[in-house]
Each structure stands twice: as structure tokens, then as C-alpha cells.
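Welcome! Please take a look at the sequence and the structure below, and then we will walk through them together.

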Amino acid sequence: MTATGLSPIAAAPAVDAPPRPSPVRLTVVELRKAVDTRSGRWLLAAIVAAGLALMPVILFTVDAPDQDLGEFFAASQLGVSVLLPVLGILTVTAEWSQRTALSTFLLVPDRHRVLAAKLAACAALAALCTAAGLAVAVLARAAGALLGRSSGAWTVEPRPVATMLLFAVVTTMIGVAFGALFANTPLAIVLYFLLPTVWATLGEMVARLHGAARWLDTAKTLDPLTRPEHIGGVEWARAGVSLLVWLALPLAAGAWRLARREVA
Amino acid sequence: MIEVSRLSKRYGGADAVRDVSFACAPGTVTGFLGPNGAGKSTTLRMICGLTPPTEGTATVHGVPYRRIPNPGRHVGVLLDAAAQHAGRTGREVLTLTALATGADRSRVGELLETVGLPAKAAGKRVGAYSLGMRQRLGLAQALVGEPSVLILDEPANGLDPEGIFWMRTLLRGFADRGGTVLLSSHLLREVEAVADRFVVIAGGRIAAQGTRDELLSGTGVVVRGTDPAALHAALRGAGLPAEPDGTGRFLVAAPAEAVGRAAAAAGAVLLELRPAGGDGLEELFFTLTHGATP
């Protein structure tokens, strides 16, 4: 069969088959869209590079016995997590800036399914970047051993790996939510970095906001995820509440806006 | 099969599309004609479920587009060839479409050849494509899911004459095999040669629709005789409104038979008696769409 071939075309085919594309299929498509352009590959490379950035700092400023794999991993994740939300934002906003929303929504008219696939794809990419961060940490620890600067342990506890993975995934998803809500790359990026800072500053300056800030300032509430030795019931509750405000609400509003926005 | 029933779209207080109804049958090419801003794109977007109509319905194979589980496998759509990621290669665009719809990925290379994007061009990023190449890519993308319906908005834009001829052949072949084609244009010439039916829209409303003959049947006949004066007198005598066109012919708003009988009764010798076709369709298109306001 070719496009210009001779086989007849059914006049009235049953349109209920084939079935709609599965969530897995849509997630694979979104993953592929994240890596099939030069800009997408550069962003992922930049994320790994950010993970590398703090390695020399640890190598040359931290005492040798404290230079264990966990220390390197925490530092590499610090870098990785800076750009992960940008990845989340671009996954959504590029559909508008590059005008691919037209093809995307023609093939999958239920836009919520596209958003769900983007969330799943971003979670997978966040996990991959965390794994890359771990690999960077191993390399840095090895470099430390070769240079004779590191004498800490070669092991890392599973708990910090798990909580840092969670941190990476939720911050990437916050990016997706902001991208869907603001539908504009610079606006979403600026607001993503600005709003929590403004909120944190207000929380510091206005005494009456101190209490609220402990529950809503993600710089405070999500910080225990990167230092899980400090995490308990209250910390989990605070992280959950702040995520409700910074992830669930923008995501719900973003999904609502995405479904109604006119595709240009 | 496409069925559009009393479709309307209001933006603010203004009607972009008002009470538009038409149908496109399998095996036919329908030319959707109208000047820029007449409501063609808005209508096509409503058919494809991108813009919710204010009133009315549109279905493809009896089902609203958004309710088709895997629409890419039934309806090939090209609404805007420029709407592609500049950094993606042509081949990748088709591969993504095949992946998303579950269509056969081995068709990608074949389709690229078919639309005239050989391997070298297909491996280039779309940002480097001319508008004509983007139209070819868009058409290939529409064909990936082996659809039975094609909906194309101004697909001839940016194509050279050879490209327009090629596209006509492709669309004609698609319809001849039983497919349904709806294509829009603001230029009659682009679709005249390929369309079986025409839907003319102006100011958001249907101005006329039908086959070429149906559209022209109202425009009368052209008649020429050996003696223009005698012929004119014969036509007047029979009560037929005859307009001299300045070349010795008369344009008569009456059926050919009535004109022939009037001439025969008066003994006027005819040299020519034909529908006012030729440029008639273009003239009609201009009359229908000119001066219409939304």
C-alpha cells in the first residue's frame, strides 16, 4: 500500500477501531519529543553539566573524610534540580512556541491525556537525570580517590536517593504545571523562580506570615527531601501541603487552561 | 464522509461562521472556496474538533472528530504547514505521527518519497524547509495513518505550478480510490481542475454550493448568430433578456432550449449556443464573494 497506490479506500469504515493510543504510547511519544531536537538534547546535556558543576567545589573544599559518595550525590543533585523544572516547563510551552500543539491535539483531541503523558515523560526524565547525577557522583568520588583528596565512604544510603528522586520528580512536575498554566516559556520560567522567592522574602519580612511560610515556602518545605535525616511526620505534612499549593493547584488550573486554549 | 450541519461560531459579538451546512461524499473532492477571512479555516477547525462551535455539529463518518478514538487513522488533516517544530527533521515528524497513531512506521520512508522529499531533504530540519516543502511534509503527515478522509487548508500555498499539478493528481487518485477530500482555497484556479463539488463561503455564510454545472446553470447561455441585429430582435420578441457582450455575442439569462426556439421561430441562423461557462465559474466566484461582509 502506498499513498498513491491503487488499493481501494473504505467509504464508511468503523471509526471505533483502532483503539485510542495507550498512555504508554503517548508517554513514549512525549519522551521522544524531548530528545529528538537539538535544543532538547542541549537542555538535557546542560542538566547533567549542572550536576557536574559542584563536583570540584566538594573535591577542593570539603575535608577528605567527609567526601563520601552521598556528599557528592547531594551536590550533583543540587545542580541537576535547578534546571529540571525548566525541562518540565519547556515540555509544555514548546508546543505553543513551536506550534506543534496543532499536530499534537489533532492526533489526541483529549488534551488531558497529552498532559498526563507529559507528566509521566517528565517523571521518567527526572529519574534519568537523577541516575545521571548519581553516575556523576561516582565519577567525582573516583576522581577524588585518584587525586587522593577523598577518603569518605563509597556507599550511599537508599533513603536519600529515594527522597532526592522524589524531589527531582516533583520539581519537574511543578515545571509542567507552570508551563501549562502560563503557556509561555519566559513567563513560566521567570514566575517559577520568582514567585517562591517573593513568597520566601515576604515570609521572612512579615512576622504574621512566618507560620504560613513554614508550610508553604517550598524552599523550606522541600529542603528536608534533600537531607532526609531531618525528615519526619511534620516535614512530610509540610511538603505535602506546599505541593498542594505549588503543584496541584497550578496543575489543575493549567489543565483547565490547556483544554480550552485556542490552538493558533 | 464529512457532514457539517448548521455550524456557527461567534467570537465576541461577531459571527465568524454562520449556519454553514454541507456534506462531502466518499469518492469526491470538495473545493471549499472563499476569500481570506471568509471563515474557511474556522469551519475546518470546528470539523477537526480544535474549536468548539457555538452552534451546530460536524461529523466524520457519522462521529464528531473528538469522539473518534484514534482520529489520525481515519482523518488526515493539514491545517497549517508552518506549524512544525523548526528543530525536528521531516522524517522525525512523520515517525512521531506514526508512533502516536500506531500506524506502520515502515510507511514513513515511502511517504517521504511519494511527496517528493527524498532522503536528503527528509533528514534536514524543518526550519530549513521552504513553504512548498512544508506543504509536502504536511501532506505526508496527513497520509501516515492511512486515512479515508483528507481535510486540507490551503494546501497549494507555496507550491510551484508543478507542485500544484502533482498535488491535484495525488488528491484525485485518493478520491478515485474511494477517499473523501475537502480542501480549501482562496483561489478558484487552484481547485477548479480537481474538485467535483464546490462550497463557496463568503462573510461566514455559504454563498453557493454544488457541482460546476449546478453552479453555472443559473448564469445563462452565450449565443451568437450570423445577423446580430436580427438575433437580438428575435430574443426580445420572445421576451428573453439579452445582453450584448460587445463581441457580437449575447448573454441570455434563459435555458439554451428557449434561446434556440426563439431563434428558429424568427429564422435567425445560430453560429454558437453554449452555457456561459469558460470564465463563468471565476466570474460567479467573484460575484458571490465580492462585497460580502460578515
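Two residues are in contact if their C-beta atoms, placed from the backbone, lie within 7 Å. Leaving out neighbours within four places in sequence, A:Gln67 is in contact with A:Ile58, A:Val62, A:Gly144, A:Arg149, A:Ser150, A:Ser151 and A:Gly152. A:Gln67 sits in the loop between α3 (55-61) and α4 (69-97) of chain A; helices (H or I, at least four residues) and strands (E, at least two) are DSSP runs, numbered from the N terminus. A:Gly152 is 85 residues away from A:Gln67 along the chain, yet their C-alpha atoms are separated by 4.7 Å.

A residue is called buried if 20 or more other C-beta atoms lie within 10 Å of its own, exposed if 12 or fewer, and partly exposed in between, with C-beta atoms placed from the backbone. A:Gln67 counts as buried because it has 22 C-beta neighbours inside 10 Å.

A word on what you are looking at: this is a predicted model, in which local features need pLDDT of at least 70 and side-chain atom pairs count only at pLDDT 80 or more, while totals for chains, interfaces and linings use all residues. Residues are numbered from 1 along each chain as its sequence is written, and chains are lettered from A and ligands numbered from 1 in the order in which they are written. The predictor gives the complex an ipTM of 0.90 and a pTM of 0.88. In chain B the average pLDDT (the predictor's confidence in each residue, from 0 to 100) is 91, and 97% of the residues score at least 70.

Now let us turn to chain B as a whole. Chain B has 11 helices and 13 strands, and 49% of its 294 residues count as buried. The domain assignment, which is automatic or from a database, gives chain B domain 1 (2-210) and domain 2 (221-275). The centres of these two domains, taken over C-alpha atoms, are 44 Å apart.

Where do the two chains meet? The contact takes 44 residues from chain B and 40 residues from chain A. On the side of chain B that touches chain A, α2 (90-101), α3 (107-114) and α6 (161-176) of chain B each supply at least two residues. The helix α2(B) gives the most to that side, with 6 residues.

Next comes the interior. A nonpolar core is a set of buried Ala, Val, Leu, Ile, Met, Phe, Trp, Tyr and Cys residues joined through C-beta atoms within 7 Å. The largest one has 130 residues, and B:Ala140 and B:Ile151 have the most contacts inside it. Helix α7 (residues 158-182) of chain A gives the most to this core, with 14 residues. Apart from it lies another core of 15 residues, including B:Leu235 and B:Ala262.

Finally, follow strand β7 (residues 180-185) of chain B. It is largely enclosed by the rest of the structure, because 6 of its 6 residues are buried. On one side B:Thr180, B:Leu182 and B:Ser184 are buried, and on the other so are B:Val181, B:Leu183 and B:Ser185. Strands pair if DSSP finds at least two bridges between them. β7(B) pairs in the parallel sense over 5 bridges with strand β3 (residues 29-33) of chain B, where B:Leu33 has B:Ser185 as its bridge partner. Strand β6 (residues 149-153) of chain B also pairs with β7(B) in the parallel sense over 5 bridges, and here B:Ile151 is bridged to B:Leu182.
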